[in-house]
Amino acid sequence: MNLWIAGAGGVGREALDTALAAGVPVAGFLDDRGQGGTVRGLPVRAPKELPPGAAYLIGIADPAVRARLSVLLDGLGGRAETLVHPRAIVAPETELGPGCLVMGGAYVSSSVRIGAHCQVHYNATVGHDTVLADLVTVYPGGNVSGSVHAERGATVGSNAVVLQGRRLGRYAFVGAAAVVTRDVPAAATVIGSPARPMAGRGA
């Protein structure tokens, strides 16, 4: 398998680091910016130039962009691949959907269900029986407790904590270091401890 990484920015390069650690060969990057050049010695092509049937992983933090790119790349005949760093821990009875990225130092506990194109960044934790729907992102150091349900496109910021049994609505955003003690509505951005909605953002 020669993997193409969509996105040549920070997360894309971290995805490359994960692939190298896992022994997965990378063919290059897919990015409209910098196409025709190289990043870390690998060629950069436009996303529409993905070879038919090629394996890909989207290394972009924004879940809405991941959603658009996955539709494009699937339509070109691409095959979404999951990538797990060898220094990550994924416990038994856990399901990882296609296109997931799990970085080094991450811990995914028992009986977790993770949907397509999710990202669990380095040193993040996901507790037992949690469900992460498609396109969910857990940034570095984020702590998602057990039995949490994060709906499509939700994001947990760096060093944020989501307490047990809470629900994050579609495309909700939990700010860095926030502590979520109550359910977060769809499209809301919450900050602080305890986490509260920002004015004008799902309040």
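This is a predicted model: local features need pLDDT of at least 70, side-chain atom pairs count only at pLDDT 80 or more; totals for chains, interfaces and linings use all residues.
View A. Where they meet, domain 1 puts 22 residues into the contact and domain 2 puts in 24.

**View B. What gets buried between the domains.** Domain 1 and domain 2 bury about 1600 Å² between them, and carbon and sulfur atoms give 66% of that area. Looking at the domain 1 side, the residues that lose the most area to domain 2 are Thr18, Pro63 and Arg66, which together make up 31% of what that side buries.

**View D. The domain 1 face, element by element.** Helix H1 (10-22), strand S5 (55-58) and helix H2 (63-75) are the elements that each give two or more residues to the side of domain 1 touching domain 2. H1 takes the largest share of that side, with seven residues. Sorted by class, this face of domain 1 has 16 nonpolar residues, along with three polar and three charged ones.

**View E. The six-stranded sheet.** Here's an open sheet with mixed pairing, and its six strands run in the order S3-S4-S2-S1-S5-S6. Strand S3 (38-39) and strand S6 (79-80) are the edge strands, each pairing on one side only. Zoom in on strand S1 (residues 3-6) and you'll find that S1 pairs with S5 in the parallel sense, over four bridges. Leu3 is a handy place to start, as Leu3 stands opposite Ala55 in S5.

**View F. The eight-stranded sheet.** This open sheet also has mixed pairing, and the order of its eight strands is S7-S10-S13-S16-S19-S22-S24-S25. Strand S7 (83-84) and strand S25 (196-197) sit at the edges with a single partner strand each, so one side of each has no neighbour in the sheet.

**View G. A close look at the S24-S25 pair.** Strand S24 (residues 189-191) and S25 run antiparallel and are joined by two bridges. To get your bearings, look for Val190, which stands opposite Pro197 in S25.

Terms used:
Residues are numbered from 1 along each chain as its sequence is written. Side-chain values use heavy atoms; hydrogens and water are left out. Two strands pair if DSSP finds at least two bridges between them. Contact means heavy atoms within 4.5 Å. Buried area is the accessible area (1.4 Å probe) that two parts lose on being put together, summed over both. Ala, Val, Leu, Ile, Met, Phe, Trp, Tyr, Cys and Pro count as nonpolar, Asp, Glu, Lys and Arg as charged, and the others, Gly among them, as polar.
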